[in-house]
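Hi,

Here is the structure I said I'd pass on. Have a look, and my notes follow below.

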Amino acid sequence: MESTSPFYSLIPEVKYSPPWQDLSIIGIAGSSGSGKTSVAMEIVKSLNLPWVVILVMDSFYKTLTPEEHSKAHANEYDFDCPESIDFDLLVETLEDLKQGKKAHIPVYSFADHQRQTQTTTLYSPRVLILEGILALHDPRILKLLDVKIFVEADMDVCLGRRVLRDVRERGRDIEGIIKQWFTFVKPSYTRYVEPQRQISDIIIPRGIENTTAIDMVVKHIQRKLQDKSEKHTEALRKLGLLVAKVELPANVHVMPPTPQFVGMNTVLQDPATQHVDFVFYFDRLASILIEKGLDMTTYIQTTVETPQGNKYMGLNPKGAVSAVAILRGGSCLETALKRTIPDCITGRLLIQTDESSSEPELHYLKLPPQLEEHSMVMLLDPQMASGGAALMAVRVLIDHGVQEEKIVFVTCAAGETGIKRLVAVFPKINVIVGRIEADGEPRWIEKRYFGC
């Protein structure tokens, strides 16, 4: 009989690029009021994809000194020159997003002419549209862009649009708007904005009315996304072939087939089981899995005094234990989670797998604050097939600062290939598995649990 090689000796290091890495960045420049935002929104609408973000350069205005702040309120500060933009922070943000990392986007108040203390957290999307009058100005940004667009319009039209926008959205007075336009905006257009036209890939005159140019951009983005999707699918296939002949490693904990455990799975597998019975036995089984997961956390020794006055040498968790449910299936495990750890902090990830490409897509993200400081994070999903969604979920946690060895993936049923893919890429995580099922088995547990 052919012997199987130890898992990590055969696969010492596996490279896996998540689908969102090396995202497509589209730069849209043009005069103030030229219709850049409308073009960006039309591109988003035409793509009709989840997870497409418009990043406005106005968020990266520099923090003003008291003197500059006074000038800004008197409409005497130049917001249209490159010196007004924090390009270093913008480049750093784009590089982080390009690499699949999260970024903190500044919040700028136009009424106060000041950057706010709070920020907006942005996780790397599938497509990012950078929109601003100087979006094509910095050479460092140009290297990161996949498409460079310049939107042009008659300057008188631009002035009219700016007046309407600044009065309605930014609380400005018309006299101040006109003063700023002729003092700063129009001269900056000639000096800084208009030269970007020469280096753009596509020039869109008439803005949103130019449907042909917008259609060209959309088709280019769609082709690039299709290429990335095919590469990701092929990477998963190769990873499956690589791990096919190796045994499951020690950090994969498959529950022993005790009579009680087999009995509960028998009830769950039986199509004749009533819904109320299915929920009851699933919660019992899930509680056992979560209790097993708690064995993976770090404990510290402690001494307590019993009611009889004796000293008891015991253990306490070293830190907070939290859980993140992969929606919607992960919600099935939350009843058992709350029964086992009533005060457990929870988060949510909505990951759906594209049926045609098998590519996981992140649609929603809500993680607990200071998650990276918790002693253990349980990742909950009742069923795992290819491992694509699990790979993405673990990658998201790591990108948010959670150490790999603190992650415990808990699932009721999983295909062996999917598990091997997961631990090949992330060898330090622990996996709790109720039972091994056939590879590629359709997801059915959450449908039975929720009744729909």
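Helices here are DSSP runs of H or I with at least four residues, strands are E runs of at least two, and both are numbered from the N terminus.

Before you dig in: this is a predicted model, with local features needing pLDDT of at least 70 and side-chain atom pairs pLDDT 80 or more, while totals for chains, interfaces and linings use all residues. Numbering starts from 1 along each chain as its sequence is written, and side-chain values use heavy atoms, leaving out hydrogens and water.

Now the rings. Phe 278 and Phe 282 sit 4 residues apart in H10, about one turn of the helix. They make a stacked aromatic pair, 6.3 Å centre to centre with 10° between the planes. (Rings of Phe, Tyr and Trp, the last by its six-membered ring, pair if their centres lie within 6.5 Å; planes under 30 degrees apart are stacked, over 60 edge-to-face, the rest tilted.) Phe 282 also pairs edge-to-face with Tyr 449, at 5.2 Å and 65°. That pair links distant parts of the chain, since Tyr 449 is in helix H14 (residues 445–450), 167 residues away from Phe 282. Tyr 449 is buried too, as is Phe 282. Ring pairs join Phe 278, Phe 282, Trp 444, Tyr 449 and Phe 450 into a cluster.

Cheers

Notes. Buried < 20%, exposed > 50% of the residue type's maximum accessible area, 1.4 Å probe, protein only.
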